Amino acid sequence: QMQSEPLLTKGLIRKVKLCQQLGITAGGLDKLKKRDPSFPKPIKDSEARQAAAYYVVAEVEAWLQHRVAQRDAQAVA
């Protein structure tokens, strides 16, 4: 019996990969985060400034769905 892939493999995503998936540059992501403070905050590997930042895939997906819902609500208005 095939086991389905555990959700945790999709749990976290690196900033670089997230940018690829969203189709934007790292600079574009930074601008987006400044413009929209509701964008999910990353989780840092450690306190060091150079620590790798990971985003929670589910949070980013929920944020995108919320944005689409807002857009659709405005289209109706």
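This is a short chat about the predicted model shown above.

Visitor: How many helices and strands does the protein chain have?
Guide: The predicted model has three helices and three strands in its protein chain.

Visitor: And what pattern do they follow along the sequence?
Guide: Reading along the chain, you get β-α-α-β-β-α.

Visitor: OK, let's look at helices α1 and α2. At what angle do their axes cross?
Guide: At roughly 85°, and the axes come within 9 Å. That makes α1 roughly perpendicular to α2, because angles from 65 to 115 degrees count that way.

Visitor: Which residues meet there?
Guide: From α1 you have Lys15, Leu18, Cys19 and Leu22, and they meet Ala26, Leu29 and Asp30 of α2. Sorted by type, the residues in this contact are five nonpolar, no polar and two charged.

Visitor: New topic: which residues make up the largest nonpolar core?
Guide: There are 10 residues in the core, including Ile13, Leu18, Leu29, Phe39, Tyr55 and Trp63. In soluble globular proteins, nonpolar side chains tend to be buried together.

Visitor: Which element gives the most to this core?
Guide: That's α3, with three residues. The elements giving two or more are α1, α2 and α3.

Visitor: Back to Ile13. What is it in contact with?
Guide: Setting aside neighbours within four places in sequence, Ile13 contacts Leu18, Gln21, Ala53, Tyr54, Tyr55 and Val57.

Visitor: Last one: what percentage of the protein chain's residues count as buried?
Guide: Of its 77 residues, 22% count as buried. As for the surface, the chain exposes about 6400 Å², with carbon and sulfur atoms supplying 57% of it.

Note on methods
Residues are numbered from 1 along each chain as its sequence is written. This is a predicted model: local features need pLDDT of at least 70, side-chain atom pairs count only at pLDDT 80 or more; totals for chains, interfaces and linings use all residues. Side-chain values use heavy atoms; hydrogens and water are left out. Helices (H or I, at least four residues) and strands (E, at least two) are DSSP runs, numbered from the N terminus. Buried means under 20% relative accessible area, exposed over 50%, partly exposed in between (1.4 Å probe, protein chains only). Accessible areas come from the Shrake-Rupley method with a 1.4 Å probe; for residues, only the protein chains shown count as cover. Axes are lines fitted to C-alpha atoms, for helices over the stretch in contact, and angles run from 0 to 180 degrees between N-to-C directions. Angles under 35 degrees count as roughly parallel, over 145 as roughly antiparallel, 65 to 115 as roughly perpendicular and the rest as oblique. Contact means heavy atoms within 4.5 Å. Ala, Val, Leu, Ile, Met, Phe, Trp, Tyr, Cys and Pro count as nonpolar, Asp, Glu, Lys and Arg as charged, and the others, Gly among them, as polar. A nonpolar core is a set of buried Ala, Val, Leu, Ile, Met, Phe, Trp, Tyr and Cys residues joined through side-chain atoms within 4.5 Å.
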